[in-house]
Amino acid sequence: MKAWVLRRYGSPDVLDLTDLDRPAPGPGEVLVQVKAASVQPWDWHLMRGEPLMARLVGPLGLRRPQLSVLGADVSGVVVAAGEGVTEFAPGDEVWSMPEGGGFAEYVTIPADKVARKPHHLSFAEAAAVPLAAMTALLAIRDIAQVRPGHRMLVNGASGGVGTFAVQLAKAYGAHVTAVCGGRNAELMRTLGADEVIDYAKEDFTRGGRPYDSLLYIAGNRKFRECRRVLRPKGVCVLIGGSPGRWVQPMGQLIGTVAASTFVSQRAVVANVIGCPEIRRNLDELAGLMEDGKVRSVIDSTYAFDELRPAMRYQEEGHATGKVVLTM
């Protein structure tokens, strides 16, 4: 099979399209023929081996990558099932968050990380969902515990996580304020935002009724500034931060959580990597998408052999919604 292999850290130029043996599913696994995969910040952080601090305490290898084939989200077709797998059979259309291996023609995935793809979604639309939408779901359902009447502000609403966060918060009954660039204001309204703030024209940390929660996706403000728009017992859900070579965004996230221990508002990091309930969460998202409450927003699609330019574009940080690689 063809696969994009990462043997050393660096720019997208270090990614090598090469031939590998097609894997076979082990016990409890399925072999999926990949039809589409997301390209996202998680991938380019691993590709560059940054922040360097993560090589000591995170998922990166100290000198060379631990994960040779990137790609955290996939959609595709089951071609074989390993011993003990009874819920999937060849021909089933599925989606998953294998947390690696998606930038290849085939990938083996534990069956408990796989769910049936909603029939009405294309493979590209499905591949845009898992990591970004589950991160938003964790933030809204589990951390912010959004209920009808809840007031939520989403800072960084036009990116992959943000577009899902606006829709999910609305689906859970929140009054949603989206912070984004002016060019994406109309998109935010179509996704359900009740109010839209153009960050180039207005400082969202000044004025207005306080919010029950703030989703901090764009790492452009200090926690002390964000606190001004939160209720005394409000929660700041940390999803992203300003990238950096050495420490950021890890330092920013750790510092913000530490600072919140001295005040009434909480700061909590939403991290879906390693989540033990991937299938349950994907099934919940499937129901919301089938009901028309949530949809994928895709900025652009690239062919499988165009991964390098796709990674460069994603790394620029200007994509509205998701960037998807198609087979």
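First, the ground rules. The model is predicted, so local features need pLDDT of at least 70 and side-chain atom pairs count only at pLDDT 80 or more, while totals for chains, interfaces and linings use all residues. Residues are numbered from 1 along each chain as its sequence is written, and side-chain values use heavy atoms, with hydrogens and water left out.

Overall make-up. The protein has 10 helices and 15 strands; these are DSSP runs, H or I of at least four residues for helices and E of at least two for strands, numbered from the N terminus. Of its 327 residues, 55% count as buried. Buried means under 20% relative accessible area, exposed means over 50%, and partly exposed is in between, with a 1.4 Å probe and protein chains only. Take contacts, meaning heavy atoms within 4.5 Å, between residues at least 6 apart in sequence: 68% of them join residues at least 24 apart.

Now the helix pair. The axes of α4, residues 130-143, and α5, residues 160-171, come within 8 Å and cross at roughly 45°. Axes here are lines fitted to C-alpha atoms, for helices over the stretch in contact, and angles run from 0 to 180 degrees between N-to-C directions. The two helices are therefore oblique to each other. On that scale, under 35 degrees is roughly parallel, over 145 roughly antiparallel, 65 to 115 roughly perpendicular, and the rest oblique. On the α4 side, the contact residues are Ala132, Ala133, Thr135, Ala136, Leu137 and Ile140; α5 supplies Gly160, Val161, Phe164, Ala165, Leu168 and Ala169. By class, that contact has 10 nonpolar residues, two polar and no charged. Nonpolar covers Ala, Val, Leu, Ile, Met, Phe, Trp, Tyr, Cys and Pro; charged covers Asp, Glu, Lys and Arg; the others, Gly among them, are polar.

Next, the cysteines. Cys236 is buried at a relative accessible area of 1%, and Cys180 is buried at 2%.

Last, two loop residues other than glycine with positive phi. Glu99 has phi near 65° and is found in the loop between β5 (93-96) and β6 (106-110). Gln145 has phi near 50° and is found in the loop between α4 and β8 (151-155). Which of them is buried, and which partly exposed? Glu99 is buried, with 18% relative accessible area, whereas Gln145 is partly exposed, with 48%.
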